[in-house]
Every structure is written in C-alpha cells, then in structure tokens.
Amino acid sequence: MVLADELAKQQRSISVAEFFEKNKHLLGFDSPTRGVITTIKEAVDNALDACEEAQVLPDIFISIKKISNEIFRIIVEDNGPGIVPAQVPFVFGKLLYGSRFHQIRQSRGQQGIGISAAVLYAQLTSGIPTIVISRTGPKESAYKCEIQIKIETNEPDIVSEQPFEWDRIHGTRVQIEFKSTMSAKKKLLEYLKYTSIVNPHARFRVELDDEAFTFDRVSHEIITCPVAIQPHPHGIEFGQLKRMAEASNAKLSDFLVESFSRVGKKIALDICERAGLTSTVKVKGLTAVQLKALLGAMQAVTVPAPPTTQCLSPIGEELIRRGLDKEFHMDFVAARTRPSSVFSGHPFMVEAAIGYGGKLPVEGNAIVLRFANRVPLMYQQGACAITSCISNVNWKSYNISQQALPMGPILILVHVASTNVPFTSESKDAIASIPEIEKEIVLALQDLGRDLKLFVSRRDKNKVAEDRARAVCAIIPEIAAKVSEIVEKPLVDTSPIEGKLMRKLIAKKWTRDGKVTIELSNYTTHEGEIAIYDISYDNATDAFPKADFVSELDGQFTKVWKAIIPPQTAWQVSYTGKGGGLLEIRGIDDNKKMVVDLDV
Amino acid sequence: MSKEELEKKSMASLIRIATSWYDQMKAGEVPSISLPTRTKYNIEFDDTSEVWKYGDRESMRTAASAKSATHLLKMAYVIGFVKQQLLENRSSTLREMYYISEGWKRAKFGAQEESNFLIEDLEIISEVPREGFHLHPEENGASIYGPMKIREETRRGMRAIHCQDDVGQAGYTIPNNVENIEFVDHDAKFVIALETGGMYDRLIENGFDEEYNAILVHLKGQPARSTRRMLNKISSTWNLPVLVFTDGDPWSYRIFASVAYGAIKSAHMSEMLATPKAQFLGLQPSDIRDYNLPSDKLTEKDVEALNAELTDPRFSTEYWKKQINLQIELGLKSEQQAFAARGLDFVTKKYLPARLTDMGVI
C-alpha cells in the first residue's frame with residue numbers, strides 16, 4: 001500500500017463544532033473567566049437585536065449563581081419576540097446558524113456562532129445541557145427544551161422538550177451551566193455599564209450571587225431597526241457573485257439593477273460594456289471567466305456610495321451624552337456623529353464622545369470606551385484601530401497632556417457602526433485598521449478636542465475671575481480689619497477697591513453672630529430690577545426687608561427679593577440664620593455679576 | 001544696638017508696613033508690597049561690608065489674586081502678633097507661632113516652612129533680625145571650646161563662663177540669642193570652625209586648642225543662625241582669623257560659603273551673620289590628591305552641585321574655580337575624618353600645622 005493510501009484513511013472532514021472544540025480562543029472562550037463574559041455578551045447581543053427587530057423596549061435580566069464548587073449557572077432573559085419551537089434547537093444547538101449572516105445591515109451578532117458556542121462550552125466543561133424557554137406571544141404557550149450539540153456532525157441534540165407554564169407573554173430565557181470563576185466580576189459589570197451607555201433605551205437587571213444591580217434606561221424611544229440593503233458593487237466578492245448569479249433567471253443588466261444597491265440602467269450598461277458582455281445575456285449561464293470580468297468591471301466603475309440611513313443605526317449625539325451622564329458624573333460631555341461613509345462597499349459611521357472632569361480619576365491615562373455596532377469591546381485595547389487613532393491625535397494642541405493616550409480626567413468613547421465591522425479576529429475584540437474608518441475617527445476626535453479646549457479655557461478664565469473676586473471681596477476686607485487694628489485707626493472701607501477692580505454687581509453673603517447678611521453693591525451702570533434668590537435651610541421669617549416670595553422644599557427655603565439698585569449704591573438684607581446654601585442673582589448679564597460667599 | 005533700641009526699631013518698621021497698607025486701601029488701591037527676589041541670581045557683593053547681599057531685583061506682591069491676598073493677610077496677622085508680643089515683652093519659637101496661627105482662620109499657615117519664609121520676608125522689609133520680633137528658632141546653637149571668657153545674660157541672671165575651664169568636655173552651648181553675650185577676654189590666636197562632631201572631639205582630645213591657642217567651634221552641619229552670628233561677633237570683636245574645616249564635597253563648600261559670605265536665604269542679614277574674613281582651610285580637593293586620602297566616587301548629584309557652584313557668585317574666585325575643577329577631574333570626595341587612615345594624631349600633628357603655616361596663620 002502506498003503512503004497516500006495510508007494517509008487517505010486518516011483524511012476525513014472536520015465538523016465546525018469539532019473545530020471550535022479545539023480552537024476555543026477564536027470565540028472568546030480561552031479561559032473560564034472570559035467564558036462568562038463572552039456568554040453573557042452573546043446572549044445580551046442576541047436579546048438586544050431581537051427586541052430591536054420586534055420594536056420593544058428591551059428589559060433584560062441577567063443572573064449568575066454559583067451552583068457548586070466550580071460550576072456557575074448563567075441565566076439571561078429578555079422580553080423579545082421569542083423563537084418558534086421548531087427553530088430553537090438550531091439557534092442554540094448548531095454553530096453557524098442565524099438570521100443575520102446573509103443580511104446587509106447593522107446588527108450586533110453576525111455569524112451566529114456566539115450563543116451556540118456557549119452551549120458547546122457548557123457541554124464540554126460541565127456536561128449539563130442548556131435549558132431554553134421561549135414564548136412568541138400571549139396566545140402561544142411557552143416551550144422549554146434541553147439542548148446539546150452533536151459534536152461530530154454539528155447538529156442539535158434535543159435531550160428533552162415540553163410545553164411550559166411561563167408568566168412572560170413573550171421573550172426568551174437561556175440557562176447555561178459551565179465551569180468558571182467570578183474573578184471577572186468587575187469586568188462584567190463594566191461590560192454591562194458600557195452596554196447600557198450605548199443602548200440608552202434598554203434596562204438591565206443583574207443578580208450576581210446575592211448582589212443586585214440595575215442599569216436603567218434614559219430614553220423611552222424605541223430605536224428603529226436597521227433595514228437590510230442589497231450588496232454594493234464595490235463590496236462584493238467572487239463567491240457571493242457566483243452564488244447570486246446561479247440563483248437568478250434575469251438578464252445581466254436587469255440582474256445588476258435589481259440585485260445591487262445604487263446601480264441604475266446607465267451604470268448597468270457601463271458595467272456590461274467594461275466586462276465585454278452583452279446586457280441581454282442570462283447571468284445563470286456565465287462562465288467563471290466571464291464572472292471574473294464582470295466582477296472587475298463592477299469594481300472599476302464609479303457607483304454612488306451605498307445608502308446608509310436605513311441600514312445603520314447610530315446612537316445619536318444627544319443619547320450618547322445622556323447615556324454617559326447617567327453612568328459617569330462629569331463636568332463636560334460632548335458627542336459627535338460623523339456623516340456616514342463607505343469602505344470597500346460597506347457603509348459605516350463613526351460616533352465619538354469626550355467627557356472631562358467631575359468624578360473621573362485625575363491621574364493616569366484617559367478612560368477609553370470602544371464600541372462596534374453598540375457592543376462594547378472589552379479586550380485587546382492595544383490592538384484596536386480606535387486606540388491607535390486616539391494616540392495619533394495630538395492632544396497637546398488641545399492643552400491636554402499625552403503619553404500616547406491622553407492623560408487626566410478624560411473619557412473617550414468611540415462607536416463604529418457598520419454593516420460589516422472589520423474585526424481583527426473572530427472573537428470580535430478589536431477593530432482592524434481600515435484607513436477610511438481611521439480617518440473618520442480622527443476627524444471626530446479632533447472636533448471634540450476643540451470643544452474640550454474651549455470648555456477648559458472658559459473654565460480657567462472663570463477661575464481667574466472668581467479667584468480675583470474672592471481676593472477682593474473676601475480677603476482684602478480682612479486685611480483691612482487686621483491692619484486697621486494694628487495701626488489703631490478707624491476701619492478702612494474697602495468698597496472703593498471693590499468697585500474699581502470689579503465693575504460688576506457684587507453680591508456678598510456672610511454670617512456673623514447668628515445673623516446672615518446679603519449685600520449687593522452695584523458698580524455697573526445697570527439700573528433695572530434685580531431678583532435675588534437665596535436657597536438655604538434658613539427660613540428668614542425675620543428678614544428685613546421682607547422677602548417678596550418664600551417657598552419650601554425638603555426643609556430648604558427659597559427666598560426671593562426684588563430690588564432696584566441704582567448704580568454706585570448698595571442694597572442689604574439680613575435675617576437670623578446659619579447661612580450657607582446657594583445665592584443667585586437674576587436680571588443682569590452673567591459677566592456683570594459676581595457672587596461671593598464670605599463664609600467659605 | 002541695645003535690646004531696647006532693636007525693639008523700638010522693629011516696632012516702628014512693623015507699624016510702618018501696616019500703615020503703608022492702610023494708606024493704600026484708604027486711597028482705594030489694592031494693598032501691595034515689594035520684596036527682593038530671593039534666588040542666587042539676585043545676590044551681589046557689597047564692597048563696603050564685604051558680604052553678599054540681595055541685589056536690585058524685586059518682585060511685587062499685590063493682593064489682587066486670592067493667593068497673594070492671603071499672603072498679605074498672613075503677613076498682617078504676623079505683624080499683629082509680633083506687635084502684641086513686643087508690647088507684652090514675651091517671646092516664642094517659630095514653631096510656637098506656627099501653632100498659634102491655627103486660630104487665625106483664613107490666615108493660618110499650611111506648614112511651618114511657610115511661616116519661616118514669611119518671617120524672613122518680614123526681616124527683609126523691616127531690616128530687623130527676627131530676634132527683634134522676639135522670635136527664635138527651634139534648634140539650639142552648636143558648641144564652642146577654647147581659651148575665651150564671656151558673660152551671658154541668662155534668664156537666671158548674669159553668668160561668667162570660661163570656655164575651657166568652666167565647661168564640660170563638650171564645650172559651651174551657643175544660645176539662641178547671641179546678642180545677650182558679652183565678649184570679655186581671650187587668649188586665642190585663631191578660630192577653627194568644624195563641620196563634624198567627630199573632628200571637633202578629635203581636636204579637643206588631642207589638646208589642639210591648648211597647644212595652638214585655638215578656639216574650636218562645632219558647626220553641626222549647615223550652621224544655625226546663632227552659630228554664624230557667634231563667629232561673626234568673635235571675628236569682629238577680637239579680630240581673630242576664622243578658618244573653616246569641612247568635608248571635601250560640594251555640600252560642605254556651601255557650609256563654608258554660608259559662614260563666609262552668607263546664605264541665599266538670609267542674604268538680607270549677611271552683615272550680621274557672615275564672617276567675610278573666614279578662610280577655607282580644608283578639606284581641599286588638592287588634599288585628596290596630595291595626601292592620597294581614602295575617598296568615594298562623586299555621584300551625579302555631586303557633580304551637578306559642583307557645576308552649580310561654578311555659577312554661584314560666592315564661588316567665583318580663582319581659588320575655588322581651580323579646586324572645583326580639580327575635584328570634577330578627580331571624580332572623588334573625602335570626609336575630614338578620612339585623615340584617621342594615617343593615624344589619629346595625623347590631623348593635629350601634621351595636616352593642620354602644615355596647612356595653617358601655609359595659610360600664614362601660625
């Protein structure tokens with residue numbers, strides 16, 4: 001027997017399931033810790049996509065419980081449209097099965113590997129089948145089944161199935177048990193927090209053993225589900241073209257117009273001419289050589305960019321700001337949604353946001369949040385095109401320190417939405433470096449950098465003005481008091497200094513011996529009526545002059561006085577109290593007034 | 001200047017500062033004060049007094065920002081405090097004043113360094129040393145041993161002390177306020193100021209003071225103000241040569257410089273604190289070479305310090321340039337006690353007699 005025959009005995013096809021059993025890292029199951037995050041990520045992605053398609057506001061429940069020493073039970077439940085019983089085994093029990101793979105539109109999951117990979121992982125580590133409960137509407141009863149995957153054939157193996165009494169009207173619940181640890185708890189919560197930022201219409205309830213967390217929605221607007229579009233002539237490959245041609249009965253020019261986006265009669269004829277084919281030939285009969293020529297012509301001809309508005313679903317500047325505001329408390333947030341663009345025939349859109357100050361950590365690198373199609377990217381930050389774009393922006397020109405990444409109390413969010421997000425690997429952790437996308441990211445960041453610079457410089461300017469006001473209105477009078485005491489002369493009046501330096505309406509508030517005094521000195525030429533709002537725990541019933549209006553909320557009193565203070569004169573009110581609180585002056589331009597609390 | 005005169009002068013100048021602020025504010029102006037810039041780039045050699053003093057560079061502090069205003073406010077509080085102290089004839093340490101400032105609300109000091117710096121500012125503006133404010137430093141002065149007789153006005157009455165016969169083997173401790181000392185008599189030919197206690201003890205043990213009629217002063221590292229004032233007074237009262245004997249490294253040269261020329265921090269007091277006639281005895285970089293002394297390699301910091309000294313106006317003489325450049329070339333430093341490698345008597349029997357003869361002192 002020749003060697004080739006020997007070898008032939010060992011040569012056989014490999015099932016996809018078998019392949020992934022040996023290459024778990026390709027799908028994000030390389031370690032038990034990561035397995036939890038990947039599983040939850042896949043289940044949540046599916047749930048959000050399903051809710052979007054059904055046009056309902058997502059309510060997603062996630063639970064992780066330790067069952068025994070190493071086995072964890074993970075439950076993800078959504079209020080989506082549910083899955084018909086006949087499809088359930090395929091969705092969860094067969095790798096590479098899905099509804100979105102062949103569609104050209106923005107969606108979270110794409111290949112249909114994710115959740116069934118988790119089922120496979122459970123089967124391999126704990127041996128416990130995955131339990132799926134699903135209900136498609138109030139009239140249907142819920143359906144429950146236990147599923148595993150036949151590894152040799154990549155076919156679902158239904159362990160048991162039966163109708164089920166379920167209190168949800170519609171939705172799906174998955175229960176997966178596998179070997180894991182909870183050491184990634186922080187990362188998991190981070191993932192959910194980030195998911196909630198870019199899905200401001202969703203609510204997440206989380207139970208981690210005994211702890212409960214809620215990430216609430218900030219928007220009640222159901223996001224419109226992106227509509228699938230036809231492929232663009234520039235974004236197609238040979239295999240796909242061949243398949244499409246074989247399935248069509250049309251003549252070449254009609255085939256081009258009907259099956260591709262942005263191809264009209266004129267462009268179709270142009271393509272035929274360039275390919276050296278007659279427009280009336282049936283596409284079904286085209287040879288491989290002819291198809292190759294056709295593909296070349298399609299790629300060479302100028303075609304308008306594919307339509308992007310329906311197939312992409314950007315979050316929007318307003319919702320990004322609200323989403324960020326909810327989870328991070330910052331002094332400044334700005335967001336940009338760039339106009340859509342195209343790379344190799346695939347529409348895409350870049351959104352970015354920048355946050356500054358507030359509770360962000362002052363030291364160290366900026367916090368970077370990366371998203372692709374509303375899914376947070378949690379790993380391989382260093383390998384991602386978003387990170388390199390952030391590093392390539394010259395932040396120093398926006399007065400922000402930088403060591404590759406910008407430094408300081410800064411948060412940067414970048415969201416890339418596309419019908420086909422180019423990832424560096426199947427675990428979908430990092431976006432590949434595509435010049436068109438990088439250009440859009442950099443433009444968005446530069447735009448935001450300018451906004452931030454303006455904010456910081458305005459804030460600093462205000463700081464200088466406030467600093468001066470503090471010196472003049474609070475400290476100089478104290479110097480005057482001490483110095484007058486030393487030289488044993490009458491207390492020197494410092495209000496002329498105030499007027500000279502400030503040229504503003506100055507409101508001062510101070511507390512001495514249980515008496516609160518508010519004094520307004522008008523060093524401007526302004527003559528109109530001023531309203532003085534004083535909000536504190538003092539009720540000021542004995543105020544003189546009496547407040548024009550008083551209201552109480554949670555023990556805090558808002559006192560309002562109205563007064564006309566002619567230029568170069570002062571107005572005063574005092575009452576018994578402890579002071580503090582907030583003092584606000586209305587009825588005069590912001591740059592003509594200054595409020596100083598002398599007690600601070 | 002007598003104690004009373006000093007107090008009168010200090011009260012007058014403090015009131016003068018307060019009055020100028022009062023008048024500024026009365027005229028509707030923001031109070032301000034100008035101070036000489038206190039860096040090495042603003043010290044100049046004064047030909048008449050032969051010491052280094054602050055130059056003409058001044059910086060203006062105006063109470064137009066919260067920081068400067070707070071500085072002036074603190075100064076006002078200190079002036080008020082000192083005035084009270086003078087009126088009640090009490091005194092306190094710098095540290096005590098720092099704690100007293102706890103009650104000054106907005107004017108309280110953040111750290112003791114801040115209050116020390118402010119007192120130096122006040123000394124400069126008022127031209128009164130801090131003893132005139134009845135403020136004295138925490139640390140006590142160093143010790144002195146030798147054939148001299150003084151009278152000290154202590155809180156327990158007048159004491160006459162001979163600094164060899166009436167003291168223990170550690171010597172006489174220099175008090176905080178040297179102004180209270182009367183220099184009665186001496187039998188000395190010169191004064192040696194020593195950086196380390198080890199060398200001070202060595203010279204006493206070997207009887208160097210008796211053999212050569214030398215007054216020995218222990219500097220205790222960077223000398224305190226009272227120690228420098230003591231040297232200044234001995235030198236000016238009895239007109240004795242003052243020789244400074246330190247380790248052979250850049251930091252020790254600065255000890256010599258502060259004795260001879262005054263410190264940058266207290267350049268306003270140079271006339272009282274510096275001893276312009278003081279000479280550097282050693283340990284010279286050339287001694288390391290000539291006596292082949294045990295030595296250490298210069299660190300990066302040492303070389304930096306040596307280079308900084310080359311630009312320091314106080315070291316801009318031919319002698320120092322030669323010695324510093326030699327040291328950089330050798331790349332070595334030695335401690336004064338390294339002479340022990342040649343035997344315990346070597347320094348008193350060989351090195352010092354030879355070096356002093358060289359310098360024309362004996």
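Helices and strands on this tour are DSSP runs, at least four residues long for helices and at least two for strands, and they are numbered from the N terminus. Keep in mind that this is a predicted model, with an ipTM of 0.71 and a pTM of 0.57.

Start by selecting chain B. Its average pLDDT is 88, and 99% of its residues score at least 70. You will find 13 helices and 17 strands here. Of the 362 residues in chain B, 41% are buried.

Next, go to Leu283(B), in the loop between strand E15 (279-282) and helix H10 (285-290) of chain B. The peptide bond joining Gly282(B) and Leu283(B) is cis, with omega about 5 degrees.

Now display both chains and look at where they touch. The contact involves 22 residues of chain A and 25 residues of chain B. Select H13(A), which gives the largest share of chain A's side, 15 residues. By type, that side of chain A holds twelve nonpolar, two polar and eight charged residues.

Stay with chain A and move to the loop between strand E19 (529-536) and strand E20 (549-553), where Pro545(A) lies. The bond leading from Phe544(A) to Pro545(A) is cis, with omega near -5 degrees. Ala540(A) is in the loop between E19 and E20 too; its phi is positive, near 55 degrees. Is Ala540(A) buried or exposed? Ala540(A) counts as buried because it has 21 C-beta neighbours inside 10 Å.

Finish at Gln380(A), in the loop between strand E13 (375-376) and helix H12 (385-392) of chain A. Phi of Gln380(A) is positive, near 55 degrees, and this residue is partly exposed, with 17 other C-beta atoms within 10 Å.

Technical notes:
Residues numbered from 1 in each chain as written. Chains lettered and ligands numbered in written order. Predicted model: local features only at pLDDT ≥ 70, side-chain atom pairs only at ≥ 80, totals over all residues. pLDDT = per-residue confidence, 0-100. Contact = placed C-beta atoms within 7 Å. Nonpolar A, V, L, I, M, F, W, Y, C, P; charged D, E, K, R; others polar. Buried ≥ 20, exposed ≤ 12 C-beta atoms within 10 Å, placed from the backbone.
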